[in-house]
Amino acid sequence: MTRNSTTVPFVDLASQHAEVAAEVEAGIAAVFAATAFVDGPPVADFEHQYASFVDVDHCVGVANGTDALELALRAAGVGSGGEVVIPANTFIATAEAVSRIGAVPVLVDCDDERLLIDPEQVQDAMTDRTQAVVAVHLFGQLAPMERLAQVCGDAGVPLVEDAAQSQGARLGGRGAGALGTVAATSFYPGKNLGAAGDAGAVTTDDATIAAEVRRLRNHGSSTRYVHDVIGMNSRLDTVQAVYLRAKLDRLEKWNELRVRAAARYDRLLVDVPGVRRPLLGADGQHVWHLYVVRVAERDRVLAELGRAGVGAGIHYPYPVHLTGAYAHLGLGRGTAPVAETAAGEILSLPMHPHLTEAQQDRVVEVLADAVAGGRS
């Protein structure tokens, strides 16, 4: 391959927006004409459509993904002083949602192949104070839900899904967000299904849990000005619902484009020394929110990609227990050795539905040169 000056963005939200712009503009105009700014009809419409997409009975839209996880945990019975088992290898919001309730995050390691929560370590970490387990579907691939469901079922605790990176991933025909007791998802703009700002949702088949989330998201009120519990103000914005509804119609097509791009990355990288490609499990359908490779001297390689105009990222540079926010847990290095090692190697390559073959060629060219430079 010949070097060129092509810039490759990590994500391409502009191309996504161009596909939905006309529909979104019409929908927003209708919202403003009706002045239905809070809990307008588009919110209920999106909730219904997303529930159908996931294959659950209930979807409750909320303001963001972190609120979604907190509300899911609260509605599932997690309270102050309880323990919630989560993976060390996750975005800090997973732990924050636990902490905001007053519960304690109990961190376990991931497997070395897919970097997903290890069910056997979950089982070992459970105590009589365990009130829930959070399975994080990382990078677009489902956590090992069948084994986790068995572990949680034996212990009698709810299995909560953090489905923020997995809209459209499926197992046995059911989507991420339909595989546990309750699930939370984020519609942050860069997600597979992204809003034009912050937004999130809780999904479940349990009518009681759904009703509790609806109450908690609305100041603890089921009837106006009647407040039975302390809740929060975390409603899905009507304008965001319009945007999400337009994108939802295109999500399956966009996910398929991600799958094709990931398969092409695999072919291009198969003979590149020093690059460890992501491994798929046999269970479930991956929707490639991120395409994460592992390399030595990752920080140097990332810097070289940046100098060459190739967008890349790290998801995530520190396991939760090694962040300053969770230093109070007293967990040092060696707590989650797989996650700790991976944190120094992982590199997220450009991945989005509008990624072109020429852009992928450029990414692999620059990556191969950068990795080779470290071995010379």
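Reader: Which residues of α2 and α8 meet?
Author: In this predicted model, Pro42, Val43, Asp45, Phe46, Gln49, Tyr50 and Phe53 of α2 meet Thr238, Ala241, Val242, Leu244, Arg245 and Leu248 of α8. Contact means heavy atoms within 4.5 Å, and helices are DSSP runs of H or I with at least four residues, strands runs of E with at least two, numbered from the N terminus.

Reader: How do the residues of that contact divide?
Author: Nine are nonpolar, two polar and two charged. Here Ala, Val, Leu, Ile, Met, Phe, Trp, Tyr, Cys and Pro count as nonpolar, Asp, Glu, Lys and Arg as charged, and the others, Gly among them, as polar.

Reader: At what angle do α2 and α8 pack?
Author: The angle is about 35°, and the axes are 8 Å apart. Axes are lines fitted to C-alpha atoms over the stretch in contact, with angles from 0 to 180 degrees between N-to-C directions. The crossing is left-handed, that is, the near helix is turned anticlockwise from the far one by less than a right angle.

Reader: What about numbering and confidence limits?
Author: Residues are numbered from 1 along each chain as its sequence is written, and side-chain values use heavy atoms, with hydrogens and water left out. Local features need pLDDT of at least 70 and side-chain atom pairs 80 or more, whereas totals for chains, interfaces and linings use all residues.

Reader: Now the largest nonpolar core: which members touch the most others?
Author: Leu73, Val84 and Val160 do, out of 45 residues. Such a core is a set of buried Ala, Val, Leu, Ile, Met, Phe, Trp, Tyr and Cys residues joined through side-chain atoms within 4.5 Å; buried means under 20% relative accessible area, exposed over 50% and partly exposed in between, with a 1.4 Å probe and protein chains only.

Reader: And what does Val160 touch?
Author: Leaving aside residues up to four places away in sequence, Val160 touches Leu69, Ala72, Leu73, Ala132, Val133, Val134, Ala135 and Val182. Apart from this core lies another, of 25 residues, including Val8 and Val275.

Reader: Which residues join at the cis peptide bond?
Author: His315 and Tyr316, with omega about 20°. Tyr316 is in the loop between α10 (298-307) and α11.

Reader: Where does Asp39, with its positive phi, lie?
Author: Asp39, whose phi is about 60°, lies in the loop between α1 (13-34) and α2 (41-54). Asp39 counts as partly exposed because its relative accessibility is 42%.
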